[in-house]
Amino acid sequence: MTVPMVVRVPDDLLASVPAEVRGTGRDDVRLMVSRGTRVSHHAFRDLAGQLRAGDVLVVNTSQTMPAAVDGTVEGRPVVVHFSTRGPDGRWAVELRTPAASGSTERRTGDRAGAVVALPGGERLVLDTALSPDRLWWARVSTADVPGLLHRHGRPIRYGYTERDQPLAAYQTVFALPAPGGLGSAEMPSAARPFTVELVAELVRRGVQFAPVTLHTGVASAEAHEPPYPERFEVPGTTARLVNAAKAGGGRVVAVGTTGVRALESAAGADGVVRAAAGWTDLVVTPERGVRVVDGLLTGLHEPEASHLLMLEAIAGREALAAAYDQALSRLYLWHEFGDVHLILPDENPHRAHCGSNAW
C-alpha cells in the first residue's frame, strides 16, 4: 500500500472552537478548491459558484452521538469512547484517561476482562482487542447503549479543542435519526459548514443531493490505523440518482470521506451503483482507485492519516501535495471545526498554476 504523504501542521492551525464562535456562522470558513495542481481560494459561502447544474453532492445523514461517557476502572477515572455496535451486540470502545484540560489522553495497559463502572449502575467488560492496546470489543450490561449515551454522554473531544461544545455543534444540517438510535461516534465533519440557506441556493442552481448513511467510529484513521468496518446504507433512490448523473455528464462529489466509503462500497467493478446496506471494510487507496466519485469536499487531514490515501486516489499525489502546501502557507485551519477542501476533476490538464483571491 502507498505510504500517506507527510504533512507538518503547526499547533496554531488546529481549529480549537467552532466557526460560529470565532466568526459569524458555521459557514464562516474558507474553501480551498483543487483542480489538478491548480489551487484557488474562496469563502465556503461561494461553494455554489464552484459547482454546476447536474452535479450531485453525496451527503451522509448519520447523526453524531454523545459518545464519551465517564466511568471508573478499579476506582480510577476513565472516559469511554463508544465507537461502533457490532453485529453480535458488542460495542467497539476506546478507554482514555481524563486530562486536566477537560479532554482525554491515550491510555494503555488494559486487559481482557477489565470491568468499567458506568453511570446509572451499568457496566462494561472488555472482551477482545480490536487493535493493539487501544480499541476493544466490549460487552455492556444494557442493550440500550444509545439511551445510556444520551442520558450520560457528551461529544468526543480531543486535546486541540478549547472546551466542551454542545451536541448541536457536532450535528450537520443533513443529520437524521437512525433506527435504534445509532449514529456516528465522531461527526461527519465535512458537511458541518452547510446551512439551510446554502442548500436551498444549490438546489436552485440545479445541484442535486443524494443521501447515504455511514456511522463513523472513533478516529482510528488519525492514529495511523486503517479504518475498521462501519455500518452503511446506500438507498436505491441514491443509486439511481448517481447513475443517472454519471450517464448525463454530471459530476458526483462526495461530502466527506464517509460519503466516498459508502458510495464506493455500493459500486460494482462496472462503476454502477446499486442499493446496498450492511458493513463495509473498504479502504480506498491509490492502488484501488475510485469507481464512481469524481470529486470530494473534505476537511484537512492529519499528517500521515490513512484518509490522505483516499484523497490521493481521487486527486493524485502531486495535486494533493500542491493543495496542502497552499493550505499551510495560507494558514488554513485543520480538524472538524476548521476549513474545507473541494477536490474537482482537472478539466484543463495543460494549465498548471495557483489561483487566488482575497482569501
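Me: Is S141 buried or exposed, or something in between?

Reply: S141 has 44% relative accessibility, so it counts as partly exposed. Remember that this is a predicted model: local features need pLDDT of at least 70, side-chain atom pairs need 80 or more, and totals for chains, interfaces and linings use all residues. Residues are numbered from 1 along each chain as its sequence is written, and side-chain values use heavy atoms, without hydrogens and water.

Me: Where does S141 lie?

Reply: Helices (H or I, at least four residues) and strands (E, at least two) are DSSP runs, numbered from the N terminus. S141 sits in the loop between β10 (135-140) and α2 (145-152).

Me: Which residues is S141 in contact with, leaving aside neighbours within four places in sequence?

Reply: Contact means heavy atoms within 4.5 Å. By that rule, S141 touches E122 and R123.

Me: What polar contact does the side chain of S141 make with a side chain?

Reply: Look for a pair of N or O atoms within 3.5 Å; within protein, one must be able to donate a hydrogen and the other to accept it, and residues adjacent in sequence count only if both atoms are side-chain atoms. The side chain of S141 pairs with that of E122 at 2.5 Å. A polar atom of the S141 side chain also lies 2.9 Å from the backbone nitrogen of R123.

Me: How much of the chain is buried?

Reply: Of its 359 residues, 57% are buried.

Technical notes:
Buried < 20%, exposed > 50% of the residue type's maximum accessible area, 1.4 Å probe, protein only.
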